[in-house]
Amino acid sequence: MDVLRTPIVWIGKRCYRKSYIEATSNRNCSEEDATLDAQICDNYSDETCDVGISIESKGNGYHAFVKCPNVFFGLIIGKRGAMKKKIESETRTQIQIPRHGQDGDIEIFGIDRTGVGSAHTRITVLIGTARHRQPFTHFISIPVVNPSIQAKFEEFKEEVLQNCQGEEGIDNTLFQNRNKLHITIGTLTLLDDAEIAKASNLLEECCTQLTSVILDGCPLLVNIRGLEYMNDDPSAVDVLYAKLTIDDGSERLQEVADTLVYNFTSAGLMERQYDRVKLHMTVMNTLFRKERTTSYAITSPKDRECFDARKVLKNMVLVVMVVVVMVVVVVVMMVVMELYGDYGFGSLHIGSIHLSQRLSTSLDGYYAADSSITLP
C-alpha cells in the first residue's frame, strides 16, 4: 500500500481514508482477533460529526443504533471487552451488543449527543474496515447456459490443452466449469440474512427499470467472441476472458450492468471499482485451481499462480489462419492481424440475472441463487 495514497472507504455517504493494517485471511472476527482495531479507533478518536446519523432523545440523554452483522460483534467487543470499554470511556457512552449467536442492532446510549455520534462513527468505521477484509460471498451474474456456447467452450478447452501441453502453468484446473459460465456484473459481501434479503429485494425492484426503461421490452442478444487478459503481461496472466458485443451495436447491456451497480452501490451493498462495468465471460482463472482443491477462498494476489497465455492467444490465430488460407491466400496476413485472438463462442440471449452465491452449486449445475429476475 502507498502510504501517500491510502485507499478511501465509503460508509454510506461519508468518506474515510483507510489506515495501513496488515491483512489477515481469517474469515471470523472474534474477540481474540481484534488487533487492527485499537489503531483504527485511535485514528478517529476526535471524530464528532453526526451528519447522517439518526440520534434520538431518550430520557435524559440520547441513543442511536448501528446495524451490524453478528460476525462483527466480537470485533466491537474486543479482547476481554477492551475495544467496547475504550469507546465507552472516550465517548462517555454505554454500548449494548446482542449476545453471542443472536442478531440485532448495536445500541448506543449517552448523555451527550456528540459522544453518541462519535461512538456511532467509530463503530461504523470498525465495521466498514473489517468488511473490506472479507472475501465476497455473492455476485450478480448473467448465466451463460446456452448449450451451443457450452459445447464451443469445451472445444476451446480441449484445443488449448492439446496445443499448449507443457506450457507453464496451463492445466485442466484453470478452466471454468461449463455449467457455470457467466457474465459478472459485480460482487457483494453479504454477511447475514438481513443483508441477503435487502440485496434480493433490490434486484427485484430493479427489474422494471431494466426491462421497461432500458430494454423497452426487447430481447437482449449478445455475441461472445474474442479473447483478452486482465493484465498487461500475457506471460503472467491470472484471468483470460471472452469479450462481449451486442448484435444491434447498442450499449444496452452496458446500461443494464451500470444501472445495477449504481443501484447496489447507492444502497451500500456493493463497492464501485470502475466508472463502468467491464463486461466479460471468464474462461480461465488461476483462482479456479485453488477453489477446487481447498475449502477456503483465496483472497491475496500472492496466493495466485499465474500462467503463460501467449501460446493460447497465438493458437487462436493459427486456427483462423488455416481456414482463411484455404479461402483467400492473398489476404492471409491481413485477416490474421484483424482476427488475432478472435475465437468465437456463439450468441447468447440474456434471459435472466441472478444474485448468485459464491462457491455454490444448484441442481442444474449453475451457482445457487438467492434471487433472480427475468428479462424479455
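Does Arg92 count as buried or exposed, and at what relative accessibility is it assigned to that class? At 60% relative accessibility, Arg92 counts as exposed, where buried means under 20% relative accessible area, exposed over 50%, and partly exposed in between (1.4 Å probe, protein chains only).

This is a predicted model, in which local features need pLDDT of at least 70 and side-chain atom pairs count only at pLDDT 80 or more, while totals for chains, interfaces and linings use all residues. Residues are numbered from 1 along each chain as its sequence is written, and side-chain values use heavy atoms, with hydrogens and water left out.

| Residue | Phi | Loop | Relative accessibility |
|---|---|---|---|
| Arg80 | about 55° | between helix 2 (73-77) and helix 3 (82-91) | 69% |
| Arg92 | about 55° | between helix 3 and strand 5 | 60% |

Neither is a glycine, although phi is positive in Arg80 and in Arg92. Helices (H or I, at least four residues) and strands (E, at least two) are DSSP runs, numbered from the N terminus.

Four strands form an open sheet in the order 3-4-6-5 with antiparallel pairing, a pair requiring at least two DSSP bridges between the strands. Strand 3 (55-58) and strand 5 (93-96) stand at the edges with a single partner strand each, so one side of each is left without a neighbour in the sheet. Between strand 4 (residues 61-66) and the antiparallel strand 6 (residues 106-110) there are five bridges, and Tyr62 has Gly110 in strand 6 as its bridge partner.
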